[in-house]
Amino acid sequence: MNVSHPSVHPVEDPPTTDGGNPPRVRMKDIQGMPGTLGGLTLRICQLVFAVAALSVMATTSDFPSVTAFCFLVAAAGLQSMWSLLLAIVDIYALLVMRTLQNNRIVSLFAVGDGITSTLTFAAACASAGITVLIDNDLQGCAANHCLQFETATAMAFISWFAALPSFLLNFWSLASR
């Protein structure tokens, strides 16, 4: 008689939550993170305000004479290119319904957002200082484009305010892994 005997495989007990560490629960789709609709909204806001700052500053004829204004144009250009690239990535992720929670992707986004937001903030602060100098201290707004300088500086600050949540959410997601 040739009968097979069933083999017994041990089954592990589920982990108990009494006295032990409970399993970690992670929120996967926090709005504002890459690949979400909130993240795409933040990227579009960053892009719009960075392009506005770049356009307003570049339309003035005497911005190249001040280094801080040149720095603002460079930082706004970098911010707009970075935001456009990541907006395209977010649109793709939303269309194919994929989350962008890979460690390498999140770390790349966090580093890129950190660099571009820091540069945008520094350029906006430097430009704000120069516009205050021209307007209040030198009383030279009649000979310069103060309104355009102030508008471009305000747009750069708003672009930074839109870039900061993206950086913080990506950095928080990376640090919580």
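## Helices α1 and α2

In this predicted model, helix α1 (residues 37-58) packs against helix α2 (residues 67-95) at an angle of about 150 degrees, and their axes lie 8 Å apart. Here the axes are lines fitted to C-alpha atoms, for helices over the stretch in contact, and the angles run from 0 to 180 degrees between N-to-C directions. The angle makes α1 roughly antiparallel to α2, on a scale where angles under 35 degrees count as roughly parallel, over 145 as roughly antiparallel, 65 to 115 as roughly perpendicular and the rest as oblique.

Sorted by class, the residues in the contact of α1 with α2 are 18 nonpolar, 6 polar and 2 charged. In this sorting, Ala, Val, Leu, Ile, Met, Phe, Trp, Tyr, Cys and Pro count as nonpolar, Asp, Glu, Lys and Arg as charged, and the others, Gly among them, as polar.

## How the model was read

Residues are numbered from 1 along each chain as its sequence is written, and side-chain values use heavy atoms, with hydrogens and water left out. Because the model is predicted, local features need pLDDT of at least 70 and side-chain atom pairs count only at pLDDT 80 or more, while totals for chains, interfaces and linings use all residues.

## The chain as a whole

The secondary structure of the protein chain comes to 4 helices and 0 strands, and from the N terminus on the elements run α-α-α-α. Helices (H or I, at least four residues) and strands (E, at least two) are DSSP runs, numbered from the N terminus.

Of the 177 residues in the protein chain, 36% are buried, where buried means under 20% relative accessible area, exposed means over 50%, and partly exposed lies in between (1.4 Å probe, protein chains only). Among the contacts in the protein chain with a separation of 6 or more, 79% are accounted for by residues 24 or more positions apart, a contact being heavy atoms within 4.5 Å.

## Helix α4 and its partners

Helix α3 (residues 103-137) and α4 have axes that come within 7 Å and cross at roughly 155 degrees, which makes α3 roughly antiparallel to α4. In this pair α3 passes α4 in a left-handed crossing, and their contact has 17 nonpolar, 12 polar and 3 charged residues by class.

The axes of α1 and α4 come within 8 Å and also cross at roughly 155 degrees, so that α1 is roughly antiparallel to α4. The crossing of α1 and α4 is left-handed, and by class the contact of α1 with α4 has 16 nonpolar, 6 polar and 1 charged residues.

Serine 159 is found in helix α4 (residues 146-175), and it counts as buried because its relative accessible area is 1%. Not counting residues up to four places away in sequence, serine 159 touches Gln46, Phe49, Ala50, Gln79 and Thr120.

Asparagine 170 is likewise found in helix α4, and at 0% relative accessibility asparagine 170 counts as buried. Leaving aside neighbours within four places in sequence, asparagine 170 is in contact with Pro34, Arg43, Val106, Phe109, Ala110 and Asp113. The C-alpha atoms of asparagine 170 and proline 34 are separated by 7.8 Å, although these residues are 136 residues apart along the chain.

Methionine 97 lies in the loop between α2 and α3 and is exposed, with a relative accessible area of 75%. Its phi is near 55 degrees, a positive value in a residue other than glycine. For comparison, most residues other than glycine have a negative phi.

Serine 55 has its place in helix α1 and counts as partly exposed, at 37% relative accessibility. The C-alpha atoms of serine 55 and glycine 77, which are 22 residues apart along the chain, are separated by 9.5 Å. Cysteine 70 is partly exposed, with a relative accessible area of 30%, and cysteine 125 also counts as partly exposed, at 35% relative accessibility. The structure holds 0 disulfides, a disulfide being a pair of cysteine sulfur atoms within 2.5 Å.

Key:
A crossing is left-handed if the near helix is turned anticlockwise from the far one by less than a right angle, and right-handed if clockwise.
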